[in-house]
Amino acid sequence: MGYLSQAIALRGRYRRRRTNWQFHLEKSKAFIIENSVRCPKKERVIVLGSGLLLDVPLDDLSRLFDEVILVDIVHLPQVLRRVRDYPNVRLVQADITGIAEKLFEEIACSRNELPESEPFIPESNGSASLVISLNIISQLSVIPIEYLRAKTNTGDETLMQAWCDRMRKAHIQALQKIGCDACLLTDYEFIYRDVKGTVIEHGSTVGELALPVPDQLWTWDIAPRGEIGPKISKELIVGAWRIS
Ligand SMILES: C[S@@+](CC[C@H](N)C(=O)[O-])C[C@H]1O[C@@H](n2cnc3c(N)ncnc32)[C@H](O)[C@@H]1O
C-alpha cells in the first residue's frame, strides 16, 4: 500500500538532512528518557511508531525497563540488525489503526467503504508500564488517504478528512484509556517559508484534532531549502505531552 516506500523515503530524507533533524531527534529522546525515569513501574515500555529508531533512546529504554516493545507497520532490515544486540527488546509488526488491511480489501472488492479505526496497542496488557506514541499520529492517515485517492480517484474530500480526524481521535482515546503512563509526541503544525524566511503558508498536520497545550514544544527543521524546492523550506511544530 506504500508503507514500505514511506519507510525507505524517511530513511533517505534523514540521510540528507541528518544535521537539521538532530535537534528534534534529541528533544524527542530527552522527553522519553525524562518520562521513563519518572515512571513508577519499569516492567514493559511500548513504543508506537518506532520506525527507524531515529528518535528512540534505545540504550536508555533497554537499561531502564525489563522489556521494550517496538511497534511499527514496517521494520526495515537495519532495525532488525540494530535490536539484535538487546536481549530485552522485541519488534512487533502491527497496524495500530486496524484500518490498512480492511481498506485494502474494500478497494480490492471495489466496495470503497471507509473502514472505521479499531485502535490496537500490542502487548498493552497488565504489565505495561509506559506507552509512547512517537511521532506517529500525524502519519496515521497519510498512507490510507493516499491509497484511497490513487485507487478510487473519487470520494468526498470533506468525508475523507473527517475519517482521518476520527482515526487520530481514536488513537488519542486509546492512549487515554490505556491504564498506565503514556506519552504523546507529535507534530501538529506545518510552516512553509520563502527564501527571506517569511511564512507563506501554515496549517494543521493533525486536521481538526484538538490538543491541549503541550508540556514541551519545539521546531523540527524537517525540509530546509533544497529538500522540497529551491525557494521554500518547511518546519514542523512538535509537541510532547504526558498522559497519566
Ligand atoms: C515519522 S515516523 C516516526 C519516526 C520514527 N520514530 C523513526 O525514528 O523513524 C512514523 C512511523 O509511523 C509508522 N506508521 C504509520 N502508520 C502506521 C500504522 N497504522 N501502524 C503502525 N505504524 C504506523 C511508519 O511506518 C513510521 O515508521
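Glu227 counts as buried, because its relative accessibility is 17% and the limit for buried is under 20%. This value, like the others below, comes from a predicted model. In the chain, Glu227 sits in the loop that joins β7 (216–223) to β8 (233–243). Its contacts beyond the neighbours within four places in sequence are with Arg13, Arg16 and Arg17. Two of these residues also meet Glu227 through polar contacts between side chains. One joins Glu227 to Arg16 at 2.7 Å, and another joins Glu227 to Arg17, also at 2.7 Å.

Ala7 is part of helix α1. Ala7 has a relative accessible area of 12% and is therefore buried. Leaving out residues up to four places away in sequence, Ala7 touches Leu52, Val74 and Leu76. Take Leu52 as an example of how the fold brings parts of the chain together: Ala7 and Leu52 are 45 residues apart along the chain, yet their C-alpha atoms are separated by 7.8 Å.

Apart from residues up to four places away in sequence, Leu61 touches Ile32, Ser36, Val45, Val47, Val56 and Val68.

The ligand is the next topic. It is surrounded by 19 residues, of which the closest are Gly49, Leu54, Asp55, Asp72 and Asp95. Sorted by class, this shell holds ten nonpolar, six polar and three charged residues. Where do nitrogen atoms of the ligand meet N or O atoms of the protein? For Gly49, a backbone N or O atom lies 2.7 Å from a nitrogen atom of the ligand. For Asp55, an N or O atom in the side chain is 2.6 Å from a ligand nitrogen. For Asp95, the distance from a side-chain N or O atom to a ligand nitrogen is 2.7 Å. The protein covers 95% of the 590 Å² of accessible area that the ligand has on its own.

Two details of the backbone remain. Most residues other than glycine have a negative phi. Ser110 is not a glycine, but its phi is positive, at about 55°. Asn135 is not a glycine either, and its phi is positive too, at about 50°. Where do these residues lie in the chain? Ser110 is in the loop between α4 (100–108) and β4 (128–134), while Asn135 is in the loop between β4 and α5 (142–152). Are they buried or exposed? Ser110 has a relative accessible area of 62%, so it is exposed, because exposed means over 50%. Asn135 has 13% relative accessibility and so counts as buried.

Terms used. Residues are numbered from 1 along each chain as its sequence is written. This is a predicted model: local features need pLDDT of at least 70, side-chain atom pairs count only at pLDDT 80 or more; totals for chains, interfaces and linings use all residues. Side-chain values use heavy atoms; hydrogens and water are left out. A residue is near a molecule or strand if one of its heavy atoms lies within 4 Å of it. A polar contact is a pair of N or O atoms within 3.5 Å; within protein, one must be able to donate a hydrogen and the other to accept it, and residues adjacent in sequence count only if both atoms are side-chain atoms. Accessible areas come from the Shrake-Rupley method with a 1.4 Å probe; for residues, only the protein chains shown count as cover. Ala, Val, Leu, Ile, Met, Phe, Trp, Tyr, Cys and Pro count as nonpolar, Asp, Glu, Lys and Arg as charged, and the others, Gly among them, as polar. Helices (H or I, at least four residues) and strands (E, at least two) are DSSP runs, numbered from the N terminus. Buried means under 20% relative accessible area, exposed over 50%, partly exposed in between (1.4 Å probe, protein chains only). Contact means heavy atoms within 4.5 Å.
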